[in-house]
Amino acid sequence: MPGRPAPRPPQRPRKPQPNHSSGDYSVPRWRDDGQLGFDPRKKFVRRATEASSGREGILKHMSDPPVPGEGYVNKGRRVRRQRFYDEALFMQQVNGNTDILPIWDIDDTHGSAPRWYAMPRARLLADVFGDASTVLDVVTHTAALARTLAVLAEQGIYHRDIKPANLFWYDGAPVLADFGIAAFARLPAGLTRVGDKVGPANFMAPEMRSADGKDRGERADVYSLAKTLFVLAHPRRGPYPPEGTHRMGAEEFSLATHGGGNAMTALEHVLEAATQHRVQDRLTMADFHAELVAWLDRHTAQPTRFRPFGRPFMGGWGPHGDRNRRDVEATRAMMLPCIRRIAEALTGDSDAWQEGIDHDNDDGTLGEYGWVDNCEDGFVPDGGFIWMATDLNDGRRIVLDALLDDGVCFLAEAQRGGPPWALEQQWGHTPWHRARMPRTADQVHQLTDAVVAWISRPGPGGPGAP
């Protein structure tokens, strides 16, 4: 009809939305003191003060509490709420466990569906490690957490969100917190929607990256805790670990910044076993804990072997790591013509030599050089070593070795009869010099001159001497 406005289409009722103002976070017995931190996604984690005692704590609220009159709650919201109920009740159940952050209070008006719980304020575990800390401290506290997680795993409980942000220091010990996406023994595995990723990506086990609800994460915590150990051991490196299995010997996974020689190699082997891609190849949490304890038992007695975090290191990542790599490359290049010259003098063939220590062949230097032991195997240079040895000739071989430890020095030995080998003659070690310098090259060539002269001397003092 002319002049009458067209009818408006029917409007879908608007979904009621919770109003997350500070007033919505008022609960019995606690005064809301505002959001903890600045992440807008974490408004439900609040600072609070207990009215009766004045003690200051943290209240964790349900992220999306039920809205009165809401009758069409979707599956995703139901899952998130059920996660919170399970977490709150679990925290209440294990209250008093010294390895899990305690709770002080819990919503007692909604039965099995509590909407908040209170806990003490605690320091992040990462903040406990200072300039004087060493990797020993990190492994000690990680082993304590591994023990707790192993006990939980025996009960069919898996945290599934292990990362530095969920590990705390409370009452003089490391503790676990935030079981918001945990798998609990009494519940089916499907705590997540199909396609949900479970856990933080940089710490997440491969099998949890596209969870379909079938994998409870029986060994996911092992992977994540090993990645967390690596990050805690490198407070200045960055908040995230390298992706994938920890590859022992790869630069991006190196623990060489901490000194310790072979102790660091052993620890890297443990981390490699704990981060295997295939679940069945990975350590269990109980085995991971046992390996860390065994490592500590072997190395805690020599704390001075390990470099404090606040002490500069010439290797590692960035420019220093590049410098260490170039030191090794240049030193090896200096040694190549020398070992060829020695091999030709001994065997008549300049190619009759091999590089790389062979432990099955009982390789090792035999002389006394005055090194100060820095591990149970003696002196192991932080920058590594380059080992070259000629082929056997008349039961004798010549070893040419370079040690890199902020500088570089060279030594040579004549060894007979091995394995086991017997020391026949030794040269060096040369004075420590900077790598890649002309005088450093002069040193290894002078050492080579002495070895070749000895090989060529048939009389007393030479290789033909009785």
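A salt bridge here is a side-chain nitrogen of Lys or Arg within 4 Å of a carboxyl oxygen of Asp or Glu. By that rule, the side chains of Arg332 and Glu355 form one, at 2.9 Å from N to O. Please keep in mind that this is a predicted model.

**Salt bridges**

- Arg332 belongs to helix H6 (residues 318–347) and Glu355 to strand E9 (residues 353–355), so their pairing ties together parts that are 23 residues apart in sequence.
- Both partners keep some accessibility: Arg332 is partly exposed at 34%, and Glu355 is partly exposed with a relative accessible area of 36%.
- Salt bridges with shared partners also link Arg29, Asp105 and Asp108 into one network.
- Glu252 pairs with Arg247, and the closest N and O atoms of this salt bridge are 2.3 Å apart.
- Glu252 counts as partly exposed at 29% relative accessibility, and Arg247 is partly exposed as well, at 40%.
- Another salt bridge joins the side chains of Arg278 and Asp281, with 2.8 Å from N to O.

**Helix H3**

- Helix H3 covers residues 220–232, and its 13 residues should span 18 Å at 1.5 Å a residue; the C-alpha atoms at its ends are 18 Å apart, which agrees.
- Of the 13 residues in H3, 13 are buried, so the helix is largely enclosed by the rest of the structure.

- Strand E12 (residues 408–416) pairs with strand E13 (residues 422–428) in the antiparallel sense, over six bridges.
- Within this pairing, Leu411 stands opposite Gly428 in E13.
- Five residues lie between E12 and E13 in the hairpin, and Gly417 in the turn has a positive phi of about 75 degrees.

- Thr390 sits in strand E10 (residues 385–390).
- With a relative accessible area of 5%, Thr390 is buried, because that value falls under the 20% cut-off.
- Setting aside residues up to four places away in sequence, Thr390 touches Ile339, Ile342, Ala343, Leu346, Ala352, Trp353, Arg397 and Ile398.

- Phe309 is found in the loop between helix H5 (285–299) and H6.
- Although Phe309 is in a loop, this residue counts as buried at 9% relative accessibility.
- The C-alpha atoms of Phe309 and Thr257 are 8.6 Å apart, while the two residues are 52 residues apart along the chain.
- Beyond its neighbours within four places in sequence, Phe309 is in contact with Phe129, Gly130, Asp131, Ser133, Thr134, Val135, Val138, Leu232, Ala233, Pro235, Arg236 and His258.
- One of these contacts, Leu232, is a residue of helix H3, which runs over residues 220–232.

How values were computed
Residues numbered from 1 in each chain as written. Predicted model: local features only at pLDDT ≥ 70, side-chain atom pairs only at ≥ 80, totals over all residues. Heavy atoms only, no water. Helix = DSSP H or I, 4+ residues; strand = E, 2+ residues; numbered from the N terminus. Expected span 1.5 Å × (residues − 1). Buried < 20%, exposed > 50% of the residue type's maximum accessible area, 1.4 Å probe, protein only. Contact = heavy atoms within 4.5 Å. Pairing = 2+ DSSP bridges.
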